[in-house]
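Open the structure in your viewer and keep the selection tool at hand. Each stop below says what to select and what is there.

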Amino acid sequence: MEILYAVAEAAPFVKVGGLADVAYGLPRALRALGHDVRVILPRYRTINGSAYDLRPLRPPLPVPLGLTGETRLVEIEVSEATGVPTYFIWEEHYFGRDEVYGYPDDPQRFIFFCRAVLAFMRHINWRPQVLHGNDWHTGFLFLWLATAGRRDRFYRPIATVFTIHNMAYQGITGDALLAFGGIHEHVERLEVEPPGHVNWLARGIAHADVVNTVSPRYAREILTPEFGFGLEPLLQRRADRLFGILNGLDPEAWDPRSDPALAARFDAETLERRAENKRAAQHAFGLPLREEVPLFALIGRLIEQKGVDLLLETADALFARGIQVAILGTGMPEYEAAFAQWPSRFPGQASVRIAFDEELSRLLYGGADVFLMPSKFEPCGLGQMIAMRYGALPLVHAVGGLADTVRDVSQEDGTGFVFAPFTGEAFLAAVDRALALYRDPAAWRVIQRRAMAQDFSWAASARAYEDLYRRAIAWHNP
Ligand code: GLC
């Protein structure tokens, strides 16, 4: 199959969150299955062109602006660094900035990107069977193909797949942006759109041939008000087109047998070597080097989604249990400030590093005993999978991809500690289950080995996407 994969970020070129890892892992796995998949994203200024051997593709691409027929010439660059042809759209005004997201004109920036994607296919005269977009940034593609594109013989045959990585980010704008996107016909308002507004996530959901999320459980959760963020009526209407496919983990990129960031490399047979990583992690975080004290780690964005409120709420009770906690991440200033007080409140027990530091995170995955991921909601999540592979037992809230990847130790084949509901009590009860197990090193090791043996490779997910593409094609051309 020929597939064009449109996305706002892709590792290793540019990464803000888990989306970038998916945009790296999935296309590669699809290539391995023999598909002609290519990736397209904006060329942000921060992307290091020489590191990834970006080369210009001539001639430059005229991208229409607004309704007037005016165009802007953009540079296209291409890289083969990942083994998947990856195209970059360079337009200085929109993408010559330091950050990927967070500007008031983000909707314009990504609508412009979408128009460039559409123009690009015709420009190189390559019409994929499937156009696969991700998150609200690509929502415009689906609206355009379902309206203006339908009258165009080049675009009409293209089947579409839309993947939702997070319902919390929707991209809601005034409907004047329709004209900016070159859509002049009347566009019917969706039931979930306030009058005069367009919701770009909703547009992807409404117009794609097939919609999916990044875990089966999240695909069911978002049909409810608790997780649907207001779009549940639309999702329910499209439930027959809605699927859930778990993300994979790149087993080469995350391998404790060869990870150079670790103080000691290890596998399931040499788990005793983790002690050296624990010491190194305690040292790096300025915590007392005590092997017998359980080391808990939280790695990730400090935002409400990640359930950090539960930690802040239960801090006194948590540290009364005598554990160490290492925190590594950046996020909302309020949370950063709250955690910054922990080391002085809980000296010798809490250490907080407000930073994005991949090397340090690897050492922590390889040395921590328990990996905390109490997310309020979690479409898939990557940290818990990495933790399992590195022998740190995950402690997670029973939602989304966390529930789909971790089983509680009280069940057969347990791989971690799973709690519900989302309360401090349930969270602390899971901490206590972890501490009880920790007192029995032989039993702990059994669970560690089982966690390490879980298979989260991309191959299985790629097969599921293959099916999804076939369905999209069949639905598009009945
Ligand atoms: C978003 C979600 C996360 C998911 C990632 C990749 O960041 O919050 O759960 O793993 O996208 O799909």
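Select helix H18 (residues 424–438) together with H19. The two helices pack at an angle of about 115 degrees, and their axes are 7 Å apart. Axes here are lines fitted to C-alpha atoms, for helices over the stretch in contact, and angles run from 0 to 180 degrees between N-to-C directions. Helices (H or I, at least four residues) and strands (E, at least two) are DSSP runs, numbered from the N terminus.

This is a predicted model: local features need pLDDT of at least 70, side-chain atom pairs count only at pLDDT 80 or more, and totals for chains, interfaces and linings use all residues. Residues are numbered from 1 along each chain as its sequence is written, and side-chain values use heavy atoms, with hydrogens and water left out.

Now show the side chains between the helices. From H18, Ala434, Leu437 and Tyr438 meet Pro441, Ala443, Trp444 and Ile447 of H19. Contact means heavy atoms within 4.5 Å. By class, this contact has 7 nonpolar, no polar and no charged residues. Ala, Val, Leu, Ile, Met, Phe, Trp, Tyr, Cys and Pro count as nonpolar, Asp, Glu, Lys and Arg as charged, and the others, Gly among them, as polar.

Next, the sheet. In what order do the 6 strands lie? They run E14-E13-E12-E15-E16-E17, in an open sheet with parallel pairing. Two strands pair if DSSP finds at least two bridges between them. Strand E14 (350–353) and strand E17 (417–419) are at the edges with a single partner strand each, so one side of each has no neighbour in the sheet. From one strand to the next, the twist averages 20 degrees.

Zoom in on E15 (residues 370–373) and E16 (residues 393–397): 4 bridges join these parallel strands. Methionine 373 stands opposite valine 396 in E16.

Last stop: the ligand. For the side chain of glutamine 305, the corresponding distance is 3.0 Å.

Terms used: Polar contact = N/O pair within 3.5 Å; in protein donor to acceptor, adjacent residues only side chain to side chain.
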